[in-house]
Amino acid sequence: MFQRFFCWRAQQSCSSSRASPELSQECPAMVKMTKSKTFQAYLPNCHRTYSCVHCRAHLANHDELISKSFQGSQGRAYLFNSVVNVGCGPAEERVLLTGLHAVADIYCENCKTTLGWKYEHAFESSQKYKEGKFIIELAHMIKDNGWE
């Protein structure tokens with residue numbers, strides 16, 4: 001059976017769903033379908049990408065980067081519109097530098113390393129833009145493909 005990965009723009013879910021190969025036509029941003037046991041999605045080689053530093057699984061396209069000025073628990077972090085090859089833990093309320101947020105830890109689906117978190121809900125109106133976005137800490141990612 002094939003595994004279908006969520007679209008670049010789809011932010012409703014951190015998980016993938018099973019589908020037949022012909023259903024991949026419904027989302028033109030679909031990257032790859034695979035039968036491998038790791039169920040990794042691969043971003044196009046023509047784009048600058050960020051990958052997991054531990055296992056090199058693709059995580060995000062540079063075009064999905066929103067900001068480089070975030071702080072994670074282990075140092076600097078980047079905010080992305082969407083990511084691939086990540087799973088989500090349960091949401092919980094945390095007081096972060098910018099106030100109270102409901103966040104869910106995200107981890108690499110391939111090596112299970114915790115990478116950062118997904119903003120599920122922002123309680124302050126000035127922070128609502130973060131909802132549905134993803135933080136990945138620099139300590140857990142590397143640049144791949146086309147970086148000069």
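Q: Strands (E, at least two residues) and helices (H or I, at least four) are DSSP runs numbered from the N terminus. How many residues does the hairpin joining β5 to β6 go through?
A: This is a predicted model, where local features need pLDDT of at least 70, side-chain atom pairs count only at pLDDT 80 or more, and totals for chains, interfaces and linings use all residues. Numbering starts from 1 along each chain as its sequence is written, and side-chain values use heavy atoms, leaving out hydrogens and water. β5 covers residues 65-72 and β6 residues 75-80, paired antiparallel over five bridges (pairing takes at least two DSSP bridges). The hairpin between β5 and β6 uses two residues.

Q: Which residue stands opposite A77 in β10?
A: β6 also runs antiparallel to β10 (residues 134-137), with four bridges joining them. On the β10 side, A77 faces E137.

Q: Why does the Y50 and F80 pair tie together parts that are apart in sequence, and how many residues apart are they?
A: The two rings sit edge-to-face, 5.4 Å centre to centre with 65 degrees between the planes. (Phe, Tyr and Trp rings, six-membered for Trp, pair with centres within 6.5 Å; planes under 30 degrees apart are stacked, over 60 edge-to-face, the rest tilted.) Y50 belongs to β3 (residues 49-52) and F80 to β6, so the pair links parts whose separation in sequence is 30 residues.

Q: Is W117 buried or exposed, and what is its relative accessible area?
A: W117 pairs edge-to-face with Y119, at 6.2 Å and 80 degrees. Buried means under 20% relative accessible area, exposed over 50%, partly exposed in between (1.4 Å probe, protein chains only). Y119 is buried at 3%. W117 is buried too, its relative accessible area being 7%.
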